[in-house]
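Subject: Structure handover and findings

Hello,

Here is the structure for your files. My notes on what turned up follow below it.

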Amino acid sequence: MRVFKEEQSFRKWWMFAALLVNLAVVLIPFFLHDFADAGMNKGLFFALAIMAIVYLFIFSSSLHTRIDAGGIKTWFTPFNLFKKDLKWSEIDGIYLRKYNALTEYGGIGVRGLGKSQSYNIGGNTGIQIEYTQSKKLLIGTRKPSEAQSVLNYYQNKIKRHAH
């Protein structure tokens, strides 16, 4: 049995740079004003708490993909959100393709509603899946050759192999 596993995270240098810029925007006014201003201290604490929660969630999030004899599974951690578990019998077509996350889906993360969705962290290569009732799911990958090798191995399990 062949298995493809991939974990991708949002921890990128530009995310840390954005965090530093946001911290500077919040902290500079604090140092420019009177430290005794209780309203300012409460506001600063609230802003820092919200930023910490948002950045902790983003930095701890990962996209997981697994392809094996049972099918394809993908989900975001830490809370196993947006989990998809597709059996080979549900898949009409599957292939790797280039994509532009911004122009096709409006950005990174979980994107799209209805019949066309994208789960991606970045990059421009994805596993395009066409499944039940003309639905489509694109899963971003940074390991296209490994993914293609495993997809080729399981090609006979797919109803109709596209492309």
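Strand E8 is largely enclosed by the rest of the structure, because 7 of its 7 residues are buried. Buried means under 20% relative accessible area, exposed means over 50%, and partly exposed lies in between (1.4 Å probe, protein chains only). Strands (E, at least two residues) and helices (H or I, at least four) are DSSP runs, numbered from the N terminus.

Two ground rules before the rest. This is a predicted model, where local features need pLDDT of at least 70 and side-chain atom pairs count only at pLDDT 80 or more, while totals for chains, interfaces and linings use all residues. Residues are numbered from 1 along each chain as its sequence is written, and side-chain values use heavy atoms, with hydrogens and water left out.

**E8 and its partners**

Both faces of E8 are covered. Thr-125, Ile-127, Ile-129 and Tyr-131 point one way, and Gly-126, Gln-128 and Glu-130 point the other way; all are buried. E5 and E8 run antiparallel and are joined by 7 bridges. Pairing here requires that DSSP finds at least two bridges between two strands. Thr-125 in E8 has Lys-98 opposite. E8 and E9 also run antiparallel, with 6 bridges. Ile-129 has Leu-137 in E9 as its bridge partner. The E8 and E9 hairpin has 3 residues between the strands, and Gln-133 takes a positive phi near 55° there.

**Cores**

Which residues touch the most other members of the largest nonpolar core? They are Ile-67, Ile-72, Trp-88, Ile-91, Ile-94, Ile-127 and Ile-129, in a core of 22 residues. Strands E2 (62-68), E3 (71-77), E5 (91-98), E8 (125-131) and E9 (135-140) each give two or more residues to this core, as does helix H4 (144-153). Apart from it lies another core, of 7 residues, including Leu-19, Val-26, Leu-44 and Phe-59. By nonpolar core I mean a set of buried Ala, Val, Leu, Ile, Met, Phe, Trp, Tyr and Cys residues joined through side-chain atoms within 4.5 Å.

Leaving aside neighbours within four places in sequence, Ile-127 is in contact with Phe-4, Ile-67, Ile-94, Tyr-95, Leu-96, Leu-137, Leu-138, Ile-139, Thr-141, Ala-147 and Leu-151. Contact means heavy atoms within 4.5 Å.

E2 and E3 pair in the antiparallel sense over 7 bridges, and a hairpin of 2 residues joins them. Phe-76 in E3 has Leu-63 opposite. On to E4: 5 bridges join E3 to E4, and these strands run antiparallel. Lys-87 in E4 has Gly-71 opposite. The E3 and E4 hairpin has 3 residues between the strands, and Asn-80 in the turn has a positive phi of about 50°.

Thr-65 sits in strand E2. Is Thr-65 buried or exposed? Thr-65 counts as buried, because its relative accessibility is 3%. With neighbours within four places in sequence left aside, Thr-65 is in contact with Phe-4, Lys-5, Glu-6, Lys-73, Thr-74 and Ile-139.

**Salt bridges**

Side chains of opposite charge can pair when their charged atoms come close. The whole structure has 4 salt bridges. The criterion is a side-chain nitrogen of Lys or Arg within 4 Å of a carboxyl oxygen of Asp or Glu. Arg-66, Asp-68 and Lys-73 are linked in a network. Arg-66 meets Asp-68 at 2.7 Å, N to O. Lys-73 reaches Asp-68 with the closest N and O atoms 3.8 Å apart. Asp-68 counts as buried at 7% relative accessibility, while Arg-66 is partly exposed at 22% relative accessible area.

Elsewhere, Arg-97 forms a salt bridge with Glu-104, the closest N and O atoms being 2.9 Å apart. Glu-104 is partly exposed, with 39% relative accessible area.

**Surface**

Phe-57, Phe-79, Leu-81 and Phe-82 make a nonpolar surface patch of about 400 Å². Patches are made of residues with over 30% relative accessible area and no salt bridge; like charges are joined within 9 Å, and nonpolar side chains (Val, Leu, Ile, Met, Phe, Trp, Tyr) within 5 Å. Accessible areas come from the Shrake-Rupley method with a 1.4 Å probe, and for residues only the protein chains shown count as cover. Phe-82 belongs to strand E4 (residues 81-87). Phe-82 is partly exposed, at 47% relative accessible area.

Best regards
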